[in-house]
Amino acid sequence: MAQPPILEARDLKAYYITEAFGVRRTVKAVDGVSLSIQPGEIYGIAGESGCGKSTLLKMLLGEFEPPLTPVEGTVAYDFGEGPSDALGMDEAEVASIRWSRVSYVPQGSMHVLNPVRRIGDTFHDFISTHRPMPRRQTNEMVKAYLAEFGLREGVLQSFPHQLSGGMRQRVTIALATILSPKLIFADEPTTALDVVVQRSVIQLLKRIQRDHGSTLVLITHDMGVQANLADRIAVLYAGKLVEEADTRTIFKAPRHPYTQHLIGSLPTLEDKVARQSLPGRPPALDDPPTGCRFHPRCPYAMDICKSVEPPLVTLEDGHRAACHLITDEADHAAHSRPALA
Amino acid sequence: MQHTLDQPLLEIDHLTRVFLSRQGLSVTRLEAVDDASLTLTAGKPEIYALAGESGSGKTTLARMVLGLERPSEGTLNYKGRSVGELSARDKRTWFYKEVQPVFQDPFATFSPMKRIDSYLYETARNYQVAKGADVDKRIDEALRVVGLTLAEVRGRYPNELSGGQAQRVSIARALITRPSLLVADEPVSMLDASLRMSILNLFKDLRDKEGVAVLYITHDLATAYYTADRIGVMLRGWIVETGPVERVLGSPLHPYTQLLKSSVPQADPDKAWSAEPTLAPRPVTFPVSGGCKFAARCPKVMDRCRVEIPASYEAEGRSVKCFLYA
């Protein structure tokens, strides 16, 4: 933990602000998220649909358009040359870091490859933009790289529709990582893949991260994938970071009632013990509940939960959680240890 | 109907469905379902899971069970009557009431422009399940089974309901005709984790309290294990292994079932995989002519697997389509 974080967000608030017929609507998709990611770690961001995962990703990538508006807070990268602002980059700055330093494996690899360009052409365009080199050279580089992915060089002559879903996803990952970026974001990289293919993609991501020493930010709702890949996991609920800890703690000793439920409701191949669902549903983010946003569904809700928002407090070993049940406990810990952020 | 207890509820025997696709002069034969057999007994309702990867034929099999697709070969009997030979009238007045579908995405099932209760009234009217004020009563009954009431649902549009609630309404709609068999094609794959279990628990309740059998079609082995009594694992049209879910998924025998099970990411960091691939990806040539459909990928492949098609053999309380157990 001596190194400065490669990515740090402080009190980030990003809202979708729309105005139609004089009615202003604000969807608070990311509402006060602070996190810091260390170089070389796999950081998982988990949560259900509509919890703000994808919005948070857009902000961390510095890739946002109206109506999504950064309202407060900062996002900064640090590639060992001091922090640089990620939210206020101009086009030239984006072009200089995108793909070569900060990269992104998008969701749904079916739709991200140009359907009328051969894979080899796409690779050449991609590489030559950042490192001008002749076609022959990029071909050699790509061939060698694809071999690591278990893809034959015939793939370069193919069009995307000629490849299977798993091959396309591997091509997409290869594109995103061939320039050895330091920071890779992966948005649901295995969703929509069959399980056997999913396994190979998970292992592939693990291998790339290890061999290149890059930092991987993994966004997925699939807790099985999170358990397999992530070193640390942040759980989002209704635009808030409710808990963050190392993967083992999240799965074995979660403290927030929402995380406890999320982990407890997962079916396994080991037992048929009855599992329960939470009542209700995640709140709409244009009108979130007061106090703790989880209180209408929380089995332990107290009076204070309805009016006062619980602070995100640091427990032992950097474990952070936002729940009134543990706020007092953390007060004691805070005296002996400085809080993380 | 002329239905006796010793007759199975659903009897599928050597069922095959072939799709032909023509490109110019060449015709490609695709056996979406190939020589599949399974039986659901009457009198003792159970949840039978059909599991497999995309393209394994599970949806085609389900569509045949629903009477939406005609079998090319083999037997498909519901309560002793061949589904393919039912007249349109029999289907409308009997079969469609008995066998009801539940679809994948509740928000795609219901039009966002229509009130969600209109679907309930439409089903009640189409199948003439009740008259006058009894219609409301019957709909309310069906909704109560899934934990809702007509008062809660009346006049609501789909966007006013959560995914879990909308899927409950979809199941309630299927229950209005008092079916004996629900065919649920990936009913929870579009739902969030916190809502998923309530739907799966509902299927168990329907089995235990309402006596409804469920054909649960899924790609997710963990939910199949949780929900089902028996399971059939499909591979490119074949049911390669079938039996009690604890046996088939607890200790799989078919090499394909073993591969599938080992590919499920466990929600337990102690069971994470290493970064090294266990199996080098091997090219698979399509179509494989003759022999076992898994031979090209099978780690235990033998010479005869490439030329002969294995039968289903009984082994350790289940049926396995693999020469290892011949």
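**Figure 1. Burial of strand β7 (residues 181-185) of chain B in the predicted model.** Of the 5 residues of β7(B), 4 are buried, so the strand is largely enclosed by the rest of the structure; a residue is buried if 20 or more other C-beta atoms, placed from the backbone, lie within 10 Å of its own. Strands are DSSP runs of E with at least two residues, helices are runs of H or I with at least four, and both are numbered from the N terminus. Because this is a predicted model, local features need pLDDT of at least 70 and side-chain atom pairs count only at pLDDT 80 or more, whereas totals for chains, interfaces and linings use all residues. Residues are numbered from 1 along each chain as its sequence is written, and chains are lettered from A in the order in which they are written.

**Figure 2. Strand partners of β7(B).** Strand β6 (residues 99-102) of chain B pairs with β7(B) in the parallel sense over 4 bridges, where pairing requires that DSSP finds at least two bridges between two strands. In β7(B), B:Leu182 stands opposite B:Gln100. The pairing of β7(B) with strand β8 (residues 213-218) of chain B is likewise in the parallel sense, over 5 bridges, and B:Ala213 in β8(B) stands opposite B:Leu181.

**Figure 3. Contact of α4(B) with α7(B).** B:Ile116, B:Tyr119, B:Leu120 and B:Thr123 in α4(B) meet B:Val169, B:Ala172 and B:Arg173 in α7(B), contact being defined by C-beta atoms, placed from the backbone, that lie within 7 Å.

Methods
Contact = placed C-beta atoms within 7 Å. Buried ≥ 20, exposed ≤ 12 C-beta atoms within 10 Å, placed from the backbone.
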